[in-house]
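Here are some exercises to work through with the model open beside you. Try each task before reading its solution.

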Amino acid sequence: MLTADMVKSLRPIPGTDDWSGLMDLGEGLQLYRIAASGAIEPLLVNADTVPVGRADMSLAVGGGTVPHRIGVLAYDWAPDGRWLWYALLKPVPNARRIRFDEEVRPLQTRRRSSIEAEIEYHLRRPDGRSVKVMTRPSSDRMALHAAGNILWRGDEIQFRIETPGSSAGGTYEVRGWNRLTGAMRTLAGEQDLQTLWILRGPRGGTLGTTGTGDRLELAESFADGRRYSYGRFGFTIGDLRSAGISVNAELHRAVLGTRSLGNPRYGLAIVDKRGVHEIRHDASLTRCGFDAALTVGVCVEEGMSRPPSLVQVDVAKGRVTPLVSVSPRHDEIAPLVARPRIWRNRDGYRMAGYVVLPRGYRAGTRYPAIVVTHGGDADDRFSEIGNQWNYPVQLLAERGYVVLLLNDPWPQQSDELMAAYNAWIRGSGPPGPATLQRLLWINGVRGFEDAVLDLAREGLIDPDRVGIAGYSRGSQLVNVAVTQSKIFRAASSGDGGFLEPTGYLYSAASYDPVYGGGPLSEHIEAYRKFAPSLNAAKVCTPVLQQVASASPPQIEFYDALRAAKVPTQISYYPGASAASDETHIFHIPSNRLLAMRENIAWFDFWLRGIRDGDAPFPERLAEWEQMATGTQPCPSPVRP
């Protein structure tokens, strides 16, 4: 297994001591049985594999997918271990054809030669025979990303698909297929825009958290319309970063992976006949596995200043016991001080995050500061890609910066905010575009400003030396921040471009609720008022873009800043070969290392006046010097 190109979806096979897993042992991703002895043998092989990722002659399945080949896409075992649900990724035969109208539209953003594929759902019976249940197009994001997420309800298997004919993400329906009769039915009214997953509860229903406020209702719903409420709690479930859900139906017991509201930490909650009991712990518990009776488990324990280690969890007693360190090398380093904190911005919305203090912090000293954001990943985990990306938070703190890791205002705190997120996901309002812009972007930028000014009033940071960095969703906040705020002296925008007019070609469904429609229409005024590239003349902040594909929206923002004489640089990091691109997460180690060093050098130059001779691209320093000559910096913020 250690020599496999990829290993995922490792699961015990019910009723046996064996395990199963999707592994690439040289024939693409296939399903294997892993015996208790350690022997590995194929369980299911689809020789007609499909290449995926940002590469020539591949299926694009998301910017963060490393190029690889897939035969078996997903699977799940029936509770008795005798029935096997699985999904195959298959190339579409005879894909070379004349296309018309809506079939032509997706081709407008094609950058590489691509292929077409579809997803086949199958069920293997106890006698070894398989029956094909359904074929879904690869445009069905539920099928592509959650094909193995099903519920076994008696003779019926339930799964979610993207609604046929839907052009917007987030419009789903639940199908039920009878494994004995082959009958298919549609279950009406089961939609959840906030998660991909169907979450099975201990009573056999669908589990979820609903409502808004500081405490959400945990409830289980059933196909016949019944509903069972467990009460209200300060956490959500179904977050892919949490420990997931483990269920023992016979004991009516479940262990839920939770994410707390406010300052987010990942924990566990036990649901049984007595009710709901949370396991309180001073760090996050993630990546857990439990015994069949759900009495004991092993989890990864980690925190902002706590390197990951393995711990044993006594479910009944709620006791967490250390087992072994995952990274002894990091344990030897004295931890930095990371303080969780919640800010309430001027509009009354709360934002959670952490303040990481520099090594050797001295009270009364004002430090340069950098805001780092990715939307919702500033949580109690150690050095996570989604949180830090190419922004090495620990190294920046060691270098003398105060680092503010900040999240967007969490949507569950108000009905208005939740409605705005749902409209964005669904692809249509209400609320209208102006409200979405205010709640989903301006709201966050105001929170960043207020947090910076709070720390300046406390004497912790120097308000004249504050930068901002954000990747993906965070890049949207960065690009809006530099057009809407004068508080930042340097910015790094990571592989973004959303909100620019040319981005409509890539993501019309996501743009429609934000702007009302396309830019070549009566909605152009909405773009003029809000799109970062069309407001470049307002920018007084030097902007670095680090990109994996150099897409038109990214170039559009760069060109607009250059035309407005704003100091700016765009750095393209290539893929592993001329036939592939770097991924959205920058999976190539050499690229990530260079990008991290480039960010350090960029912020040192603009915030501290340091010309780093060890910068990864020393010839760029002369370019930066030239940019800085004659540049008018942003006016000083209001002094605390």
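**Exercise 1: a pair of strands**

Strands E27 (residues 338-344) and E28 (residues 350-356) run antiparallel and are joined by 7 bridges. Strands here are DSSP runs of at least two residues (E) and helices are runs of at least four (H or I), numbered from the N terminus; two strands pair if DSSP finds at least two bridges between them. This is a predicted model, in which local features need pLDDT of at least 70 and side-chain atom pairs count only at pLDDT 80 or more, while totals for chains, interfaces and linings use all residues. Residues are numbered from 1 along each chain as its sequence is written, and side-chain values use heavy atoms, with hydrogens and water left out.

Task: which residue in E28 is the bridge partner of alanine 338?

Solution: Start at alanine 338 and cross to E28, where valine 356 is its bridge partner. Then follow the hairpin that E27 and E28 form: 5 residues lie between the strands, and glycine 348 in the turn has a positive phi of about 90 degrees.

**Exercise 2: a glutamine in a loop**

Task: find glutamine 413, and decide whether it is buried or exposed.

Solution: First, look in the loop between strand E30 (402-406) and H5. Next, check the relative accessible area: at 13%, glutamine 413 is buried (buried is under 20%, exposed over 50%, partly exposed in between, with a 1.4 Å probe and protein chains only). Then trace the side chain of glutamine 413, which reaches the backbone nitrogen of arginine 350 at 2.9 Å and the backbone oxygen of tryptophan 410 at 3.1 Å. Finally, leaving aside neighbours within four places in sequence, glutamine 413 is in contact (heavy atoms within 4.5 Å) with Thr212, Gly213, Tyr349 and Arg350.

**Exercise 3: two helices**

Task: at what angle do helix H5 (residues 415-426) and helix H6 (residues 433-457) pack?

Solution: The angle between H5 and H6 is about 100 degrees, and their axes are 9 Å apart. H5 and H6 are therefore roughly perpendicular (65 to 115 degrees; under 35 counts as roughly parallel, over 145 as roughly antiparallel and the rest as oblique). Now inspect the contact: among the residues making it are Leu417 and Trp424 of H5 and Leu439 and Trp441 of H6.

Conventions
Axes fitted to C-alpha atoms, helices over the stretch in contact; angles between N-to-C directions. Polar contact = N/O pair within 3.5 Å; in protein donor to acceptor, adjacent residues only side chain to side chain.
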